[in-house]
Every structure is written in C-alpha cells, then in structure tokens.
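Visitor: I'm new to reading protein models. Could you walk me through this one, feature by feature?

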Amino acid sequence: MSIPAEAASEAARVLAEKTGVERHDVALVMGSGWLPAVDALGEATAEIAIADLPGFAAPSVAGHGGKLRSVRAGDKNLLVFLGRTHFYEGHGVRAVVHGVRTAAAAGCSTVVLTNGCGGLKETWSPGTPVLISDHINLTATSPIEGANFVDVTDLYSPRLRALCREIEPTLDEGVYVQFPGPHYETPAEIRMVRAIGGDLVGMSTTLEAIAAREAGLEVLGISLVTNLAAGMTGEPLNHEEVLEAGRAAATRMGELLGAVVPR
Ligand SMILES: Nc1nc2[nH]c(I)nc2c(=O)[nH]1
C-alpha cells in the first residue's frame, strides 16, 4: 500500500477531476445520525461515491450514504463526507484517516468531525449535541507512523468552539472517549470512563482528529448524544433507537453547521 501522504494526494487529484472543484476549504465528516443535517449546508455542486476515489474502502454500513459532496457555502467550498470508515471495520488505521488526509491534500484548512455517541450525563437526553473539548483515545493505536511526536494540546479548536457557543449559547462541552468497538461498553467500562474524566463514548473521531492535527488542520468536533451510555438506564442499547434520536436532532445541527462553517 502506498505511503499515506502520496495516497492522499492521488485521491485529492481524482477528487478535483471528478468534482471539477480544484480546491476545497472545509471538510465535514457526517457521522451516524447526522445525514439529515447535510441539506442545510447548501446545494451540492457535485456528488461522487467515496469508493470511486483511490484508497477508500466501500462503506460497510448500508444507509451511511458512502457519498462525497462538494457544496458551495458563501465563499467556501465544503467537502462533505456522508459516512466514514470506522476502526472496527478492520481496514486499518490508514483507511480510517484517509478521508481527513485527502481533505488536507485537497486544500482544506479546517475539518468538522461529527459523530453519534453515548452520553454519560443524565441531562444529555438523546438528540443533545455536545461540543468536544478534548478526547481520550482508547484504541491503543495512532494514525501517525514513525518518530513524529505531534503535539495534541488544544486539539479541538477553542476558536471554533467559541464560535459555536456564540451561535448556540446552550451548547455543552465534553470529553469524548473512543473505544475500538464494534460492541458497546459494559456498565463497568462506563464507570471506568466516568472515573477517567470521559463524558461521551463512541467508536470514531479521535484517530481522525490526531491525523488532522498532523496535517495542520483546525479541528472542530461535535457529538450528537443518541443514547445514555450503557448501564445508565438499566435498558439494553438498541442501535435503531439510537440512530432515530440522532436523525431527529440533526436537522437543528444542520442550522448550526450552516452558520459556523462559512465563518
Ligand atoms: N462506544 C459507543 N459508541 C456509540 N455510538 C453510539 I450512536 N452510541 C454509542 C455508545 O453508547 N457507545
């Protein structure tokens, strides 16, 4: 498999060719339940299948779209990934972060990483959006290869978080914890997450954020709490209910993204 940076440049070249857009400015990765938010971002000027770009795996989860849209918003070209490759799909870390690296190679200076996740606060009912203030990467791996000691303090842009709170002052913040998945957590693991300072649990985002920082992108992370974390309600977790809650709230999130992204 070719060197990640070369693979990203090749994917960016084909992207420009297929969309007719030479350079993109902001990338958005739309996670579980966020797809309804996409239309609020603006009119797509081009849409291609992610799998048509070199280095991308076909989406393993049906309904995740698996599409890539180029959207004009104000004076910016947005690169919108409808779905992502998850670590639990077993394609390796390079595949998980190839989208972020391709976005950087396509000219983006900012990436918005969204996801659906479990929440550890009772007040975060399903459908609550939470800004990611920091993360804990429990995947025991990194997208960075070799002795490249990348700094990840302030990884989640204080500037963009302040901008979001200016637009939506009720937005809470939290620490996002990525588990490898695909199984959910046990109640004991959720007690551990609480003990180590986590507020949100998911199966994406942290590896992408690290790769984004390595590529010099400004990062904004927004989680959509679609369920209370395991053991908090005494009920088993049902993935369908979880996604439904996300869909209901994502439209409101589309307005937030639509207001934040052009700025
Ligand atoms: N790890 C983890 N990932 C998730 N994704 C969604 I949607 N809900 C959860 C959850 O409760 N835990």
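Visitor: Which elements do the buried residues of α1 pack against?

Guide: A word on the source before that. This is a predicted model, where local features need pLDDT of at least 70, side-chain atom pairs count only at pLDDT 80 or more, and totals for chains, interfaces and linings use all residues. Residues are numbered from 1 along each chain as its sequence is written, and side-chain values use heavy atoms, with hydrogens and water left out.

Guide: Helices (H or I, at least four residues) and strands (E, at least two) are DSSP runs, numbered from the N terminus. Buried means under 20% relative accessible area, exposed over 50%, and partly exposed in between (1.4 Å probe, protein chains only). Contact means heavy atoms within 4.5 Å. In this model, the buried residues of α1 pack against β2 (44–49), β3 (67–73), β4 and α2. Those buried residues are P4, A7, A8, A11, A12, V14, L15, A16 and T19.

Visitor: How many residues does α1 have, and what span does it reach?

Guide: The expected span of a helix is 1.5 Å times one less than its number of residues. Helix α1 has 16 residues and reaches 22 Å from its first C-alpha to its last, close to the 22 Å expected at 1.5 Å a residue. After α1 comes G20, with a positive phi near 75°.

Visitor: And α5: why is it largely enclosed by the rest of the structure?

Guide: Count the buried residues: seven of the nine in α5 are buried, so the rest of the structure largely encloses this helix. They are T206, L207, E208, A209, I210, A211 and A212. Their cover includes β1, α2, β5, β6, β7 (172–178) and β9. G216 follows α5, and its phi is positive too, near 85°.

Visitor: Which residues touch the most other members in the largest nonpolar core?

Guide: A nonpolar core is a set of buried Ala, Val, Leu, Ile, Met, Phe, Trp, Tyr and Cys residues joined through side-chain atoms within 4.5 Å. The largest one here has 39 residues, and L68, L79, F81, V111 and V219 touch the most other members. Several elements supply at least two residues each, among them α1 (4–19), β1 (26–30), β5 (110–119) and α5 (206–214). Apart from this core lies another, of 28 residues, including V26, L171, A249 and A250.

Visitor: What does V111 touch?

Guide: Leaving out residues up to four places away in sequence, V111 touches A27, V29, V100, A212, L217, E218, V219 and L220.

Visitor: Where is A140 found?

Guide: Start with the general idea. Most residues other than glycine have a negative phi, and most peptide bonds are trans. A140 has a positive phi of about 60° although it is not a glycine. It is found in the loop between β6 and α3 (158–167), and A140 is exposed, with a relative accessible area of 78%. D154 lies in the loop between β6 and α3 and has a positive phi of about 55°.

Visitor: Is the peptide bond from G181 to P182 cis or trans?

Guide: That bond is cis, with omega near 0°. P182 is in the loop between β7 and α4 (187–195).
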